[in-house]
Amino acid sequence: MDIVLMGAPGAGKGTQAAKLENALGFKHISTGDVLRAEIASGSELGNQIAAVIDRGDLISDEMMVSILKNVVSGTDKNIIFDGFPRTVAQAEMLNNMLVQLGRKLGKAIEIALPEEEAVRRLSSRKQCKLPSGEVRQIGPDFTLADCQAQRGELFTRTDDTPEHIRHRFSVYHKQTEPVICFYRSTGLYAEVNGNADCQKVFDDLLAVLKQ
Ligand code: AMP
């Protein structure tokens, strides 16, 4: 059973998806990470993607789904989708893709967080690039000290500046919030409160998955 994890930028989707991956053996697919890996490969496609991400806009639905399909068809584990779908068209394409691949969506869970808190978190978040190229977000599960101990390089995402954050929220309200209504109408929707400590949010997610 696959899961979609939804929520505004900064709601904690990436952190919680990584915890669920560790605890339950899911494959965590973050479309943001998939796109950043394409950029890091230096391909022409990566250059086009970089320009869109740097503006804080969304990659076209067709491009996103075709990139994602390769990743999804490469695993037989249950998947947690993080950062996808971000439009209703992507949600419809995901349904078709899962049917084609003989997979099933079990839940679409929103981590709900007030916008002021999400903006506060994004404005102060830091990433760590490890010598292997792996990028970890600094937080309770991977601290600043872990980053230093592993000789990582600390950086801020280019789309985490105040003006990019504002733009990403306007894109979120316009294009991604309708996805929540889409899943509400399917009966797959569940909500957890993201305005709590990391462990409490995780426990709430586990409880939803057990229902
Ligand atoms: P994230 O790491 O999820 O915050 O994503 C970073 C950026 O990647 C977004 O602001 C978009 O530009 C792009 N992106 C990630 N996921 C998607 C998606 N499902 N559809 C379109 N663009 C995406």
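**Figure 1. Helix α1 and its packing partners.** The buried residues of α1 pack against β1 (2–6), β2 (27–30), β3 (79–82), β4 (105–112) and α9 (198–210). The model is predicted: local features need pLDDT of at least 70 and side-chain atom pairs count only at pLDDT 80 or more, while totals for chains, interfaces and linings use all residues. Residues are numbered from 1 along each chain as its sequence is written, and side-chain values use heavy atoms, with hydrogens and water left out. Helices (H or I, at least four residues) and strands (E, at least two) are DSSP runs, numbered from the N terminus. Contact, the basis of packing here, means heavy atoms within 4.5 Å. Buried means under 20% relative accessible area, exposed over 50%, and partly exposed in between (1.4 Å probe, protein chains only).

In α1, the buried residues are K13, Q16, A17, K19 and L20. Seen down the axis of α1, they fall within an arc of 160 degrees, so they line one face of the helix. The arc is that of the directions from the helix axis to the C-beta atoms. Helix α1 covers residues 13–24, and its 12 residues should span 16 Å at 1.5 Å a residue; the end C-alpha atoms are 16 Å apart, which agrees. The expected span is 1.5 Å times one less than the number of residues in the helix. Just after α1, G25 takes a positive phi of about 75 degrees.

**Figure 2. The parallel sheet of 5 strands.** This open sheet has the order β2-β3-β1-β4-β8, and its pairing is parallel. Two strands pair if DSSP finds at least two bridges between them. Strands β2 and β8 (189–193) stand at the edges with a single partner strand each, so one side of each is left without a neighbour in the sheet. On average, neighbouring strands of the sheet are turned by 25 degrees against each other, direction ignored. Axes are lines fitted to C-alpha atoms, for helices over the stretch in contact, and angles run from 0 to 180 degrees between N-to-C directions. Strands β4 and β8 pair in the parallel sense over 5 bridges. I109 stands opposite A190 in β8. Helix α1 packs on this sheet, touching β1, β2, β3 and β4, and its direction makes about 170 degrees with that of β3.

**Figure 3. The largest nonpolar core and the contacts of F81.** The core has 51 residues, and those with the most contacts inside it are V4, M6, F81, I109, Y183 and L205. Helix α8 (residues 162–184) gives the most to this core, with 7 residues. A nonpolar core is a set of buried Ala, Val, Leu, Ile, Met, Phe, Trp, Tyr and Cys residues joined through side-chain atoms within 4.5 Å. In soluble globular proteins, nonpolar side chains tend to be buried together. Leaving aside its neighbours within four places in sequence, F81 is in contact with D2, I3, V4, L5, I29, L68, V72, L94 and L98.

**Figure 4. Helix α5 and its buried face.** Helix α5 has 13 residues and reaches 19 Å from its first C-alpha to its last, close to the 18 Å expected at 1.5 Å a residue. Its buried residues are Q90, A91, L94, M97 and L98. Viewed down the axis of α5, these fall within an arc of 120 degrees, so they line one face of the helix. V99 and Q100, on the other side of α5, are exposed. The buried residues of α5 pack against β1, α4 (61–73), β3, β4 and α8. After α5 comes G102, whose phi is positive, near 70 degrees.

**Figure 5. K104 in a loop.** K104 lies in the loop between α5 (88–100) and β4. K104 is exposed, with a relative accessible area of 63%. Apart from neighbours within four places in sequence, K104 is in contact with M1 and D2. The C-alpha atoms of K104 and I138 are separated by 32 Å, and the two residues are 34 residues apart along the chain.

Figure 6. An open sheet of 3 strands has the order β6-β5-β7, with antiparallel pairing. Its edge strands, β6 (135–137) and β7 (153–155), each pair on one side only. Strand β5 (residues 127–129) and β7 pair over 3 bridges, and the bridge partner of K129 in β7 is E153. In helix α6 (residues 115–124), E117, A118 and L122 are buried. These cover an arc of only 130 degrees around the axis, which puts them on the same side of α6. The buried residues of α6 pack against α8.
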